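Biologist: I would like to go through this structure with you and ask what stands behind each label.
Modeller: Gladly; bring your questions.

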Amino acid sequence: MTQKILLTGGAGYIGSHTYVALKAAGYDVVILDNFSNAHHDVIDRLEVITGAPVPVYEGDVLDPAILRKIFTEHEIAGAVHFAAKKAVGESTEIPLDYIETNVSGLVTLLKEMRAAGVFRIVFSSSATVYGEADVVPTPEDSPRSYSSPYAFTKLASEQILEQVAAADDRWAIGILRYFNPAGAHPTGLIGEDPDGIPNNLMPYIAKVAMGDLERLSVFGDDYPTPDGTGVRDYIHVEDLARGHVLSIDALTQTGDSHTVNLGTGQGYSVFDMLKSYERACGQDLAFTVTPRRAGDVPYYIANPDKAKDVLGFAAEMGLDDMCASSWNWISRRKNS
Ligand code: WQD
């Protein structure tokens, strides 16, 4: 019988790509999203990509009633929990809102899953729980810490999940620590679409390439890195989505919990990304070097070995694929 998965935050950037990947893998999928950080027309575009209606509930993971409604109306086999606030800078301004949505939202979901007899969950975590990692590439057993309220909520969520799994062996939990997601679906119909001025590097460069922003501010070129700019492990969102499918597969097949990095093991600098995006869009992109951004570190690179061992996951796409797919997506948006 076809397994049905609940995606909280499934209309968002990574959620929407994971929706497509789960459907392609033969799962049925239901989306819950409050559309606070997603546009409703994503649903229409998911229907075009998958060629089928998209079951979606508009509501908040903090609302037990809508969760009960979903678990009553659908036989849910497991959940992938994306719904969360995720802007590091914003989290320092409204920490309580981040704690309520990210931590209380997880607790509410877990309680309703337990009540419904659903015990498989994949959790969207982040490399930010490593803080300034002392080992690069960073393995999963590195010490965890937090340097922002956002990172605190991810670490707290991981520890809640660990406690829940330790107390009740019916739970099978996949904790996925994302490094730097980037890129878009090959159709160009879904991708990263932040409102306002993007915090993250690739969407900011994309807006410079579109002419919506004048130039990129390079946050420091005095880091101890090959070209002085920050180095990150960018992973194509399509690879990331596939990692979620492998995680839910593993939970279903083994019933064992896992915590893995989702990264490539390859680091790219800000200038690497800028040059790659210039190749993708066919134009020079203006930039200026500014002081470092508070909280940034020189390197964030995943050790990808455990994901390979536990899930059979390895990223397949590189920076040029990410930039080309991002340009295809963003230029279609502009012309649509
Ligand atoms: C990448 C590099 C910047 C913007 C954050 C969160 C992390 C995760 C991914 C949620 C850095 C430089 C950036 C710009 C720049 N989010 N940069 N100019 O900071 O590695 O990670 O997003 O899970 O939790 O911390 O990503 O894209 O912001 O920065 O020079 O306008 O690009 O200094 O070196 P980051 P980023």
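What follows is a conversation about aromatic pairs, a helix, the ligand and a few single residues.

Biologist: What should I know before we start?
Modeller: This is a predicted model, in which local features need pLDDT of at least 70 and side-chain atom pairs count only at pLDDT 80 or more, while totals for chains, interfaces and linings use all residues. Residues are numbered from 1 along each chain as its sequence is written, and side-chain values use heavy atoms, with hydrogens and water left out.

Biologist: How many aromatic pairs are there, by which rule?
Modeller: Rings of Phe, Tyr and Trp (its six-membered ring) pair if their centres lie within 6.5 Å; planes under 30 degrees apart are stacked, over 60 edge-to-face, and the rest tilted. The count by this rule is six.

Biologist: Why is the pair of Phe271 and Phe287 called edge-to-face?
Modeller: The ring centres of Phe271 and Phe287 are 5.3 Å apart, and the planes meet at 65 degrees, so the pair is edge-to-face. Phe271 belongs to helix α9 (residues 270-281) and Phe287 to strand β13 (residues 287-290), so the pair ties together parts 16 residues apart in sequence. Helices (H or I, at least four residues) and strands (E, at least two) are DSSP runs, numbered from the N terminus.

Biologist: What makes Phe271 buried?
Modeller: Buried means under 20% relative accessible area, exposed over 50%, and partly exposed in between (1.4 Å probe, protein chains only). Phe271 has 16% relative accessibility, so it counts as buried. Phe287 has a relative accessible area of 38%, so Phe287 is partly exposed.

Biologist: And why is the pair of Tyr277 and Trp327 edge-to-face?
Modeller: For Tyr277 and Trp327, the centres are 6.4 Å apart and the planes are at 85 degrees, so this pair is edge-to-face. Tyr277 is in helix α9 and Trp327 in helix α11 (residues 319-335), so the pair ties together parts 50 residues apart in sequence. Tyr277, at 0% relative accessibility, counts as buried, and Trp327 is buried with 18%.

Biologist: Which residues do ring pairs link into a cluster?
Modeller: Tyr130, Phe179 and Tyr300.

Biologist: What makes you say that helix α7 is mostly covered?
Modeller: In α7 (residues 201-210), 10 of its 10 residues are buried. Among them are Leu201, Tyr204 and Lys207. Their cover includes β7 (180-182), β8 (216-219), β10 (234-236), α9 and α11. Just after α7, Gly211 takes a positive phi of about 85 degrees.

Biologist: Which residues come nearest to the ligand?
Modeller: Of the 18 residues around the ligand, Tyr150, Leu201, Ser217, Arg232 and Asp296 come nearest; a residue is near if one of its heavy atoms lies within 4 Å. The element that gives the most to this shell is β8, with four residues.

Biologist: Is Tyr57 buried or exposed?
Modeller: Tyr57 has a relative accessible area of 12%, so Tyr57 is buried. Tyr57 lies in strand β3 (residues 56-58). The side chains of Tyr57 and Glu73 are joined by a polar contact of 2.5 Å.

Biologist: What about the backbone of Phe35?
Modeller: Phe35 has phi near 55 degrees, a positive value in a residue other than glycine. Phe35 sits in the loop between β2 (28-33) and α2 (41-50), and at 11% relative accessibility Phe35 counts as buried.

Biologist: Which peptide bond is cis?
Modeller: The one from Val136 to Pro137, with omega near -5 degrees. Pro137 is in the loop between β5 (120-126) and α6 (149-167).

Technical notes:
Contact means heavy atoms within 4.5 Å. A polar contact is a pair of N or O atoms within 3.5 Å; within protein, one must be able to donate a hydrogen and the other to accept it, and residues adjacent in sequence count only if both atoms are side-chain atoms.
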